[in-house]
Amino acid sequence: MLLVFGGTGKVGRALLPLLVASGRPVRATVRSAEAAEIVSRQGAIPVLGDLDRPATLREALSGISRLFLLTPPREDEAERKAEVIDLARKAGVAQVVLLSGAGAEGESPISQARAHAAAEAHLRTSGLGHAILRPAYFMDNLAAQAGVIRSLGALFGNAGQGRIAMVDARDIAAVAMACLLEEGHAGATYHLTGPEALSFENVAASLGTLLGRTIGYQDLPGDALSSALAQQGYPAWLARDLALLGEDFARGRHAPVSEDVGRILGRSPIPLRQYLRDHAEVFR
């Protein structure tokens, strides 16, 4: 039995159909009736799994052989992931595939990067079979600005001219499935990127071509971006993290292109132009 944490997110929604199609029984953790319905429609079995209620996690992990672990951003993310990893070891899970992130470093000023690094370290010393996925910035994150793009004809950020090797969540899901179902990935850490590094100005130009109108990129100071995100309802700590991430983009820290996706999947990663074509209705 496989278990997916984060089955209703960007990667999870792409991963569940792949795992179900493999013929393996698949559970996915949920915390609401709405999430359970989404999971059921994908053909997986919804199971209560609340990070704030360890008893539900123990029940969700019962009888599980392989686990995909993705948790939403939260201030205690490292601690909650460590708890799941410890419970997985006690439950006899054989393989954990952890979704981490590019730039996972214990000394990073970005709190999520530190949390990712701590979770990776805990998993590596847990004694569990494991693979760690470090994806770059998701192309799918662009959809969060779809309303602004439609109304203002602009994409906003604080990345300057920095280039980012953005990756499609569908490629992350395909690699995750390989790590869950195939041999040869134990102990691996994979850096998942798209096929090219692009600036947000490049992205805006591609959106303009798709939509048949001019789309610009508006670069903001980091504190202005953080304030705007906080006004949109982002927790203050996450708004700061995203502004700091933009500074990393501007410095080119997320520009290197990895060959891991192509090597594992035997095909090229999905390029931005294909992602935009496939999701055109989101931006129109």
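**Salt bridges, helices and the parallel sheet**

Aspartate 86 is joined to arginine 89 by a salt bridge whose closest N and O atoms lie 3.3 Å apart, a salt bridge being a side-chain nitrogen of Lys or Arg within 4 Å of a carboxyl oxygen of Asp or Glu. The structure described here is a predicted model, in which local features need pLDDT of at least 70 and side-chain atom pairs count only at pLDDT 80 or more, while totals for chains, interfaces and linings use all residues. Residues are numbered from 1 along each chain as its sequence is written, and side-chain values use heavy atoms, with hydrogens and water left out.

Aspartate 86 and arginine 89 both belong to helix α4, three residues apart, or about one turn of the helix; helices (H or I, at least four residues) and strands (E, at least two) are DSSP runs numbered from the N terminus. Aspartate 86 is partly exposed, with 23% relative accessibility, and arginine 89 is likewise partly exposed, at 37%, where buried means under 20% relative accessible area, exposed over 50% and partly exposed in between (1.4 Å probe, protein chains only). Helix α4 (residues 77–91) comprises 15 residues and spans 21 Å from its first C-alpha to its last. The buried residues of α4, including Val84, Ile85 and Leu87, pack against α3 (54–61), β4, β5 (95–99) and α5, contact meaning heavy atoms within 4.5 Å. After α4 comes glycine 92, which has a positive phi near 85°.

In helix α5, arginine 124 and glutamate 120 are four residues apart, about one turn of the helix, and their side chains form a salt bridge with an N to O distance of 3.2 Å. Arginine 124 is partly exposed, at 40% relative accessibility, whereas glutamate 120 is buried, at 1%. A further salt bridge links aspartate 168 to arginine 170, with the closest N and O atoms 2.8 Å apart. Salt bridges with shared partners also connect Asp52, Arg74, Asp76, Arg80 and Glu83 in one network, and the structure holds 18 salt bridges.

Seven strands make up an open sheet with parallel pairing, in the order β3-β2-β1-β4-β5-β6-β8, two strands being paired if DSSP finds at least two bridges between them. Strands β3 (45–48) and β8 (188–192) stand at the edges with a single partner strand each, so one side of each has no neighbour in the sheet. Within this sheet, β1 (residues 2–4) and β4 (residues 66–69) pair in the parallel sense over three bridges, and leucine 2 stands opposite arginine 66 in β4.

Definitions and conventions:
The expected span of a helix is 1.5 Å times one less than its number of residues.
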